[in-house]
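Q: Could you take me through the features of a model one by one, giving the general idea before the particular case?

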Amino acid sequence: MSKEKQILQLRLDGFSQRRIADTLKVSRNTVARVVKACDAHPINEQELQAIDESKLHQHLFPEETQIPVMTLPDYDYIHKELLKNGVILKLLWEEYLDTCRHTQRPPYMYSQFCKLYQEHVNQNRLTMHIHHKPGDKIMVDWAGTPLPLYDQVTGTSCKVYLFVATLPFSMYLLCESLSDHEGRRLDQCPYQYV
């Protein structure tokens with residue numbers, strides 16, 4: 001708990017700021033801050049005796065009680081949206097910013113938004129850690145949507161698919177691009193990605 005009341009009491013008793021700091025084992029900057037606040041918002045000895053610590057802090061530092069309340073994002077909605085294809089946390093943060101602008105309330109910045117989302121995920125156990133044995137499994141999938149690949153000479157295009165395989169224990173990764181042009185691998189295809 002702060003020692004503002006004790007600092008002001010010792011000041012009324014005639015102690016110097018240095019002696020107050022030594023007596024109460026607080027920094028001289030803390031004492032100077034409280035004395036400056038008392039000069040800006042005076043309080044007499046009778047009021048000082050009657051007031052409790054929290055009311056005294058509000059009296060000395062009224063600007064600290066006017067700190068705006070941040071808008072808390074709807075993390076259940078965010079978690080459901082992240083399950084959709086192509087949705088990332090940065091897009092959801094920008095949507096959250098637009099909502100805050102319309103309601104004229106201060107938003108969290110991106111780093112704090114992500115930190116609070118991670119805390120929500122951990123508190124609600126929305127993810128699960130899976131233990132893998134070395135060399136036991138390989139996980140394979142086609143990644144993302146097909147990319148267009150154009151022939152430099154003719155301008156015709158074909159679709160390119162990205163094949164991904166990973167060993168989950170070591171996280172070693174294999175990526176290979178395959179085209180639908182005669183079933184050839186990309187390095188054998190006459191097209192060039194633009």
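Q: Are Tyr75 and Tyr117 buried or exposed?
A: In this predicted model, a residue is called buried when its relative accessible area is under 20%. Tyr75 is buried, and Tyr117 is buried as well.

Q: How many aromatic pairs does the structure hold, and what is the geometry of Tyr75 and Tyr117?
A: The structure holds 6 aromatic pairs. Tyr75 and Tyr117 form one that is tilted, with 5.9 Å from centre to centre and 40° between the planes; the label follows because planes under 30 degrees apart would count as stacked and those over 60 as edge-to-face. Since Tyr75 lies in helix 6 (residues 75-82) and Tyr117 in helix 8, the pair ties together parts that are 42 residues apart in sequence.

Q: Which residues do ring pairs link into a cluster?
A: The cluster that ring pairs build consists of Tyr75, Tyr96, Phe113 and Tyr117.

Q: Where is His120 placed, and why does His120 count as buried?
A: His120 belongs to helix 8, which spans residues 110-123. His120 counts as buried because its relative accessibility is 12%, and the cut-off for that class is under 20%. Once neighbours within four places in sequence are left aside, His120 is in contact with Tyr75, Asp76 and Leu126.

Q: Which charged ends sit over rings, and at what distance from the centre?
A: Here one looks for the charged end of a Lys or Arg placed over an aromatic ring. The charged end of Arg33 sits over the ring of Phe61, 4.1 Å from the ring centre, and the charged end of Lys90 sits over the ring of Tyr110, 4.5 Å from that centre.

Q: Which residues make the nonpolar surface patch, and is Ile138 buried or exposed?
A: Ile138, Val140, Leu167 and Tyr172 make a nonpolar surface patch of about 430 Å². Ile138 is placed in the loop between helix 8 and strand 1 (139-150), and Ile138 counts as exposed because its relative accessibility is 55%.

Q: What pattern does the chain follow along the sequence, and how many of its residues, as a percentage, count as buried?
A: The chain contains 8 helices and 4 strands, and reading along the sequence gives the pattern α-α-α-α-α-α-α-α-β-β-β-β. Of its 194 residues, 26% count as buried, while the chain exposes about 14,300 Å², of which carbon and sulfur atoms supply 55%. Among contacts between residues at least 6 apart in sequence, 46% join residues at least 24 apart.

Technical notes. Residues are numbered from 1 along each chain as its sequence is written. This is a predicted model: local features need pLDDT of at least 70, side-chain atom pairs count only at pLDDT 80 or more; totals for chains, interfaces and linings use all residues. Side-chain values use heavy atoms; hydrogens and water are left out. Helices (H or I, at least four residues) and strands (E, at least two) are DSSP runs, numbered from the N terminus. Buried means under 20% relative accessible area, exposed over 50%, partly exposed in between (1.4 Å probe, protein chains only). Contact means heavy atoms within 4.5 Å. Rings of Phe, Tyr and Trp (its six-membered ring) pair if their centres lie within 6.5 Å; planes under 30 degrees apart count as stacked, over 60 as edge-to-face and the rest as tilted. A charge sits over a ring if NZ of Lys or CZ of Arg is within 6 Å of the ring centre and within 35 degrees of the ring normal. Patches are made of residues with over 30% relative accessible area and no salt bridge: like charges are joined within 9 Å, nonpolar side chains (Val, Leu, Ile, Met, Phe, Trp, Tyr) within 5 Å. Accessible areas come from the Shrake-Rupley method with a 1.4 Å probe; for residues, only the protein chains shown count as cover. A salt bridge is a side-chain nitrogen of Lys or Arg within 4 Å of a carboxyl oxygen of Asp or Glu.
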